[in-house]
Amino acid sequence: MNESETLQEIADKCVRCGLCQSVCPVFAELEKETAVARGKVSLIRKVFSGDAEYSEKLSTHLLQCLGCGACSENCPNGVKADELILAARALMVEKKGLSFPKWVIFRKILGSVRLFPALLKTGSLLQGLLLKKVPRESGLHLRFSLPYLDKERLIPFLANPFFLDRDPKGREGKEGQKRIGLFVGCSINYLFPEIGESTVRLLERHSFSIGLPQNQSCCGLPAYGSGDLEAARTLARRNLEAFRSLSLGQILVPCASCFYFLKEGYPKLFPGDEEVRSFSEKIVEPSTFFLAQMPAKPQAAGSPDQDQKIRLTYHDPCHLRRSMKIFQEPRQLLKSLPHVEFLEMKQPNRCCGMGGSFNFIYYDLSKKIMDRKLDDIEGTTADAVTTSCMGCMIQLKDGIHSRKMGTKVLHLVEVLEKASITNDQ
Amino acid sequence: MIQQTATPHQRSHLDGKIIKQIKAICGEKHVLTSKEDLICYGYDATNLEGPLDLVVFPGTAPEISEILKLANRNLFPVVPRGLGTGFTGGSVPVQGGVVLVLTRLNRILEIDEKNLIAVVEPGVVTGDFQKKVEALGFYYPPDPASQLYCTLGGNVAECAGGPRAVKYGVTKDYVLGLEVVLPTGEIINTGVRTMKGVVGYDLTKLFVGSEGTLGIITKIILRIIPMPEARQTLMVIFRKVEDAAIAVSKIISAKVVPSTLEFMDNASIQCVEDYLHLGLPRDAGALLLIEVDGDREILPKYIQKIEKIASELNPYQIKVAENAAEAETLMKARKGLSPATYRLNPTKIAEDITVPRDQIATFITEARKIAGERNLKIINFGHAGDGNIHTSLMIDGKNEEEKKRAAEAIEEIFRLTIRLGGTLSGEHGVGLTKAPYIDFELGPVEIEVMKKIKNVLDPNHILNPGKIFKA
């Protein structure tokens, strides 16, 4: 957002040409004007002018947005509709308060240093009772449906122990090594610690010593996305504090959504705050970071046989491609790996349909949106799809499992780490 | 004069009973009545808003027929709508009532390769249809700027054009026949499935461009043509706007008909240059973007002819694109123009007047004078090949005084257009925005004939009231 551009100005800028109808994944399924940016902007204008209220219906329409940013990216008039919608959610929370479940989640659970891990720890011990293991898949199914949780949904295991509970001292490298911080985020900590481990090994192979404060917490994006700026600020402050004493030059964030929020979101939460600004400047993400670490000329490792190659396609996380304009770097990296055959899908930048809590509130809609993504992935006949957003990964794993496609879902760092082993041999 | 039954105070609000009946016809889930939903169906791309009581998404022609019969019994307005991308307010309700959205009727029913026709429903997105026929080696040329997010039904109702009109004509040149639900509920079929057909009056042409005031189109028989084998693009930048206009006339009289002949004046060039920094000369008078298509062998001949005509006019630059990527780069100037215009001012009053091709230069000089005298920012660009100029005033929509000056200027520009032998609208239609001016172009008898036609088909004026004719 242009700093000087007020919300009213963003709303007024929309000339209602209707182009967003051709790019919005939610509109493609619902085909209702209230689903698309033009409609939502019109509603927000009416609220601003006092001709409409923050009603239940309005809340639904504001929440029925993935925040993928396709509208803003393609808007001929430069209307930042996704930002306007997020801001309207925050105004709504300010006016009407949070819904009870969200209040419990953001203020009482996510916002608590002890309660969130403790609850999940209990969960990790009890998950066998509620859930049954799904053969061949690293995930679980509910034994019965719960509100917001469909029985057919693939639910990732809760890790035991969590990533941040594992021997932190072991990560500290030798004296005199380059140092880098690691912000893991909830999904890696609680659900996919192996991606955290992969990141650590990869950094170690590049001779980095890792600063990994155990008291880091959720990045705050889920709260921000739901309009709860207060909870988002609390979490942001906690993360700033956790990394403060380590005085690091760079902090790597493997998850694209966390990365976007730490880099772009934090300065918006604390406008003019110098410490926040300098914290955000340190935030880096894997594709740009590891691309810079690559030797200018790749070692002549010899091209592996065709049958040893892994055929990979790449899904652009919206938070990386649209918000941060990072889409060439991951491709450049993947294409440079000798054991990778890179296959581009038809619309790699189309949203997977996860959209954070969107997926929980509108699971069926979210699945329909994902179906088009799965068609694209299937169309490439790739062995694996790689991406770097944990939200996208959870979504794609669920979809690929329910379609029984057999395509692997890999985080970019997992692919890079595997490549670094191959190179060493 | 016709009876104006369609005045707001004579209309009753849709009562619960009528809403129930509409739900019974189309199914509850295809009817919207919440305040939030109504807000989102009261506008189109003009950015104008109007009141409405209900939105319905019918699934079949018989359902539409039932709704229209109900409307006649209870005298409520029905406004047909596609994806709401019109430029004159054609789908904006003005007297409340029902907005009838045709997007559920979105099937391509038939592509008959042997007879070069296709049968579609009105809710099909134009660009989707084009992609489909192009995959089979065919071509449906009409290409309004909104082709990726407008419907064929809307294109037919407004008789949409586009850059390719210079060679390939506009929507009406491709419509062979229609299925139409009349305002009184009867379902009729017009036209033919053949290349020729002259039995009776040409009702098809009557409905094409009728702006949703005479009937609701539920099926369209379209002509498709073979896809041209190749295309090539060039850009010519002229020192004076007159030179560009002379070039247009000379190209046409040299019997080269480009598939696109787009024009941008100096203000447009400056505007897009500020925005995209393409390296266009800021003091250029105008530029032409020209595309030719046809058999691969013939294209160099066309290009040479155009280059020769242009070079005799001592232009700044002639750039011929050697491949598709280069063509795209050249087209950037034209495609980037629309967003760039808003850098001048936040509100655009975009007209689509059309003048005889040899009057383009006179029109632009005079129109700039009209705007200049009133201290208004004006840009002129558009489809020079067919004389269709998008003359746009860029104003601050919140400044009432400036709005008044702009309205005056538009009126003068319309008078100028008529004086030069042109028409007020090449492709957008009359709708709401041009309704106050139709008697600039049409005589009282012509208007009376049109109103009589309206009265015969829609005696109670329930269908899209308040459009085309002066209130």
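Student: What makes strand S13 (residues 260-265) and strand S14 (residues 286-294) of chain B a pair?

Tutor: Two strands (DSSP runs of E, at least two residues, numbered from the N terminus) pair if DSSP finds at least two bridges between them. S13(B) and S14(B) have six bridges in the antiparallel sense, so they pair by that definition. One bridge partner is Leu288(B) in S14(B), for Phe263(B).

This is a predicted model: local features need pLDDT of at least 70, side-chain atom pairs count only at pLDDT 80 or more, and totals for chains, interfaces and linings use all residues. Residues are numbered from 1 along each chain as its sequence is written, and chains are lettered from A and ligands numbered from 1 in the order in which they are written.

Student: Why are S15 and S16 of chain B called edge strands?

Tutor: The open sheet has the order S15-S12-S14-S13-S17-S18-S16 (chain B). Strand S15 (317-320) and strand S16 (347-350) of chain B each pair on one side only.

Student: How do you know that the span of helix H12 (residues 229-244) of chain A is close to that expected?

Tutor: The expected span is 1.5 Å times one less than the number of residues. H12(A) has 16 residues, for which 22 Å is expected, and reaches 22 Å from its first C-alpha to its last.

Student: Why do the buried residues of H12(A) line one face of the helix?

Tutor: A residue is buried if 20 or more other C-beta atoms, placed from the backbone, lie within 10 Å of its own. Leu229(A), Leu235(A) and Phe243(A) are among them in H12(A). Seen down the axis, the buried residues fall within an arc of 160°, so they line one face; the arc is that of the directions from the helix axis to the C-beta atoms.

Technical notes: Helix = DSSP H or I, 4+ residues; strand = E, 2+ residues; numbered from the N terminus. Buried ≥ 20, exposed ≤ 12 C-beta atoms within 10 Å, placed from the backbone.
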